[in-house]
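Reader: I want the labels on this model tested against their cut-offs. Please go through them one by one.

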Amino acid sequence: MTESPRHDDVATVDELKAIVHQFVDERNWHEFHQPKNLVMSLAIETAELMEHFQWLTPEESARVKEDEQKLHDVGEEVADCLAYLLAIANKLDIDLSTTLRAKMIRNAVKYPVPDDA
């Protein structure tokens with residue numbers, strides 16, 4: 001993992017999935033990365049992300065991005081959540097781009113844009 005970092009505007013989902021796969025592979029953790037374990041780990045990481053916002057007002061939560069340390073800490077938890085989502089997709093051979101697009105189409109039908117928008 002010595003490549004120079006690629007930002008969101010150029011990194012692909014496939015590249016991100018490969019980073020997670022390589023990390024797991026290098027540590028020989030595949031036996032532990034069963035769907036049940038990964039989903040439970042995602043829930044735990046999501047709870048850790050929630051802790052950063054637990055007692056904040058909506059206004060305070062919006063200002064988290066203005067505090068460099070808080071934003072860093074939240075970013076760490078977001079990265080953990082993303083890593084587990086990517087690991088789940090790797091383990092179950094889920095094509096995230098296709099799945100997300102299809103889900104958003106179903107969501108658009110379920111939640112149409114209001115006529116007054």
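**Pocket, patch and salt bridges**

Author: The second largest pocket is lined by Val13, Leu16, Leu82, Leu85, Leu86, Ile88, Ala89, Leu96, Ser97 and Leu100. This is a predicted model, with local features needing pLDDT of at least 70, side-chain atom pairs counting only at pLDDT 80 or more, and totals for chains, interfaces and linings using all residues. Residues are numbered from 1 along each chain as its sequence is written, and side-chain values use heavy atoms, with hydrogens and water left out.

Reader: What makes a set of points a pocket, and what makes a residue part of the lining?

Author: On a 1 Å grid over the protein atoms alone, a pocket is an open set with protein on both sides within 12 Å along at least five of seven lines; lining residues have an atom within 4 Å of a point. The volume here is about 240 Å³, taken as the space filled by probe spheres set on the points.

Reader: Which helices supply at least two residues each of that lining?

Author: Helix 1 (13–26), helix 4 (68–92) and helix 5 (96–110). Helix 4 gives the most, with five residues. Helices here are DSSP runs (H or I, at least four residues), numbered from the N terminus.

Reader: What forms the nonpolar patch on the surface?

Author: Leu16, Ile19, Leu82 and Leu85, with about 310 Å² of accessible area together. Patch residues need over 30% relative accessible area and no salt bridge, and nonpolar side chains are joined within 5 Å. Helix 1 and helix 4 each supply at least two of the patch residues.

Reader: Why does Ile19 count as partly exposed?

Author: Ile19, in helix 1, has 41% relative accessibility, so it counts as partly exposed. Buried means under 20%, exposed over 50%, and partly exposed in between (1.4 Å probe, protein chains only).

Reader: How do you know that Arg6 and Glu15 meet in a salt bridge?

Author: The cut-off is a side-chain nitrogen of Lys or Arg within 4 Å of a carboxyl oxygen of Asp or Glu. Arg6 and Glu15 come to 3.0 Å, N to O. The structure holds two salt bridges. In the other, Arg27 pairs with Glu26, the closest N and O atoms being 3.5 Å apart.

Reader: Why is Glu26 called exposed, and Arg27 partly exposed?

Author: Glu26 has 51% relative accessibility, so it counts as exposed. Arg27 has 35%, so it counts as partly exposed.

Note on methods:
On a 1 Å grid over the protein atoms alone, a cavity is a set of points where a 1.4 Å probe fits but cannot get out, and a pocket is an open set with protein on both sides within 12 Å along at least five of seven lines; lining residues have an atom within 4 Å of a point. Patches are made of residues with over 30% relative accessible area and no salt bridge: like charges are joined within 9 Å, nonpolar side chains (Val, Leu, Ile, Met, Phe, Trp, Tyr) within 5 Å. Accessible areas come from the Shrake-Rupley method with a 1.4 Å probe; for residues, only the protein chains shown count as cover.
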